Amino acid sequence: MGRQKKATSVVKIIEGNEPPDYLCEIGRKKWIEVSNELNELGLLTNLDKDAIGMYCNTYATYINATKAMADAGMVNTSSSGYSQISPYVTIINNSLKTMRSLQTEFGMTPASRGKVKSTKETDDNFDDFVNG
């Protein structure tokens, strides 16, 4: 039997919700969506801004690559006449891996949700029941 992982504790909820300047329009929209939700759940601190920025930037890359692949196709023909996978496939796959990793850090997947701990006070004892 391995050691049981302890829930991550969040100290201070983020103040303000302005997306970083370096995000494109897609990333900025995702920032507002994700940070609002995580903030409501008490899972976001000021220390998390860079990680959420990375997630939103990667999401924008994923969306842009998916759109480009829809136009260019999944398989391209090289100048020598051979079929080859579009470079957008690699970009999409790398983006998905990065997003999944960051989603796990913030409890944004069903499996990881129970591993993070909110600082928000709850009126019921459900957390106590689930976490022992």
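Before looking at any helix pair, I wrote down that a crossing is left-handed if the near helix is turned anticlockwise from the far one by less than a right angle, and right-handed if clockwise. I also noted that this is a predicted model, where local features need pLDDT of at least 70, side-chain atom pairs count only at pLDDT 80 or more, and totals for chains, interfaces and linings use all residues. Residues are numbered from 1 along each chain as its sequence is written, and side-chain values use heavy atoms, with hydrogens and water left out.

**Entry: the overall layout**

I looked up the elements and found five helices and four strands; these are DSSP runs numbered from the N terminus, with helices (H or I) of at least four residues and strands (E) of at least two. From the N terminus on, I read the order as β-α-α-β-β-α-α-β-α.

Next I checked burial: 31% of the 132 residues count as buried (under 20% relative accessible area, with exposed over 50% and partly exposed in between, using a 1.4 Å probe and protein chains only).

**Entry: helix 2 and helix 3**

How do helix 2 and helix 3 pack, at what angle and how far apart are their axes? I found an angle of about 155° and axes 9 Å apart for helix 2 (residues 49-72) and helix 3 (residues 87-105). The axes are lines fitted to C-alpha atoms over the stretch in contact, and angles run from 0 to 180 degrees between N-to-C directions. The two helices are therefore roughly antiparallel (over 145 degrees; under 35 is roughly parallel, 65 to 115 roughly perpendicular, and the rest oblique). Helix 2 passes helix 3 in a left-handed crossing.

I then listed who meets whom, with contact meaning heavy atoms within 4.5 Å. Helix 2 brings residues including Ala-51, Tyr-55, Tyr-62 and Met-69, and helix 3 brings residues including Val-89, Ile-92, Leu-96 and Met-99. By class, this contact has 16 nonpolar, six polar and no charged residues (Ala, Val, Leu, Ile, Met, Phe, Trp, Tyr, Cys and Pro are nonpolar, Asp, Glu, Lys and Arg charged, the others, Gly among them, polar).

Is Ser-86 buried or exposed? I found Ser-86 in the loop between strand 3 (83-85) and helix 3, and at 1% relative accessibility Ser-86 counts as buried. Leaving out residues up to four places away in sequence, Ser-86 touches Met-69, Gly-73, Met-74, Val-75 and Asn-76.

I followed that list to Val-75, which sits in strand 2 (residues 75-77). At 53% relative accessibility, Val-75 counts as exposed.
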